[in-house]
Amino acid sequence: MAKDLWTKLKTNPVGLAKNAVVKLVVNPIKYRKGEGYDAERYWRDRFERHGANLTGPGDEGLSEDDNRRMYEEAGQKLLAILADEGVDPAGARVLEIGCGNGFFTGLMHDAGVRDLTGVDITDVQFERFRARWPEFRFHKADITQVAPEGRYDLVLMIDVIQHIVTEDALADAFKHVKSVMAPGAAFVLYPMTDRSRRHMLHVHWWDTDDVRKHFDGHAVGDAIPFRYSNLVVIRKAG
Ligand SMILES: C[S@@+](CC[C@H](N)C(=O)[O-])C[C@H]1O[C@@H](n2cnc3c(N)ncnc32)[C@H](O)[C@@H]1O
């Protein structure tokens with residue numbers, strides 16, 4: 001994270017300052033909703049602001065070029081992690097929770113995936129996704145509210161968990177994920193931080209202990225360094 005902050009200071013100090021004001025002052029007023037926050041509205045506004053750019057799901061404090069570099073590195077790392085896990089995405093039924101602007105959807109497509117369901121709390125990107133990947137299905141759904149239909153061999157939830165900000169909502173999200181994992185399925189979850197804590201209105205950093213207690217009877221793998229934090233792979237017994 002310190003490296004991230006240094007990159008932002010060097011490459012985009014104005015963006016960094018603007019981002020801090022928005023996150024600390026504007027968003028808590030605009031997106032507060034009960035105990036949590038209005039995630040649907042937050043993401044709809046964010047994607048309408050950034051269109052197809054990677055800055056939308058990525059880091060608004062970084063330039064588009066730096067976001068792209070970071071995503072491309074993460075994509076290659078994810079493919080290597082899946083290979084180490086013995087997961088062949090090409091033959092898998094894939095569920096992607098929180099598709100963002102479709103970076104990992106495209107990565108899966110290019111890795112040979114032909115069966116993918118994407119769910120996201122906002123559908124603002126879906127028209128573009130359906131035109132680009134007509135063989136994939138996309139549904140608007142909040143993973144804390146509803147279990148997607150179907151059974152999946154590979155579930156990706158990348159850069160979403162920290163936007164689920166209450167214990168109850170996290171428990172519901174995991175209940176829904178577990179209900180759709182086929183025997184032997186792999187659940188790829190990122191980020192896992194080293195210390196669980198609430199961070200601003202729309203972020204809660206969760207750690208592996210927060211996750212492990214929901215996955216009795218599953219194999220929770222070791223933390224693997226990924227992007228600015230760690231990723232874990234959780235396997236259901238085959
Ligand atoms: C930071 S972006 C990450 C997107 C993508 N996975 C990536 O890594 O580029 C978070 C994504 O999760 C979606 N999201 C946030 N909360 C969600 C929820 N409760 N259920 C489903 N999607 C959610 C947002 O709309 C957004 O597309």
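This is a predicted model: local features need pLDDT of at least 70, side-chain atom pairs count only at pLDDT 80 or more; totals for chains, interfaces and linings use all residues.
Local features here need pLDDT of at least 70 and side-chain atom pairs count only at pLDDT 80 or more, while totals for chains, interfaces and linings use all residues. Residues are numbered from 1 along each chain as its sequence is written, and side-chain values use heavy atoms, with hydrogens and water left out.

Reader: Which residue has a polar side-chain atom 2.5 Å from an oxygen atom of the ligand?

Author: A polar contact is a pair of N or O atoms within 3.5 Å. A backbone N or O atom of G98 lies 2.7 Å from a nitrogen atom of the ligand, and a polar backbone atom of I143 is 3.0 Å from a nitrogen atom of the ligand. The residue whose polar side-chain atom lies 2.5 Å from a ligand oxygen atom is D120.

Reader: What distance separates the centres of domain 1 and domain 2?

Author: An automatic or database domain assignment sets the bounds, giving domain 1 (2–66) and domain 2 (67–235). Taken over C-alpha atoms, the centres of domain 1 and domain 2 are separated by 20 Å.

Definitions and conventions: A polar contact is a pair of N or O atoms within 3.5 Å; within protein, one must be able to donate a hydrogen and the other to accept it, and residues adjacent in sequence count only if both atoms are side-chain atoms.
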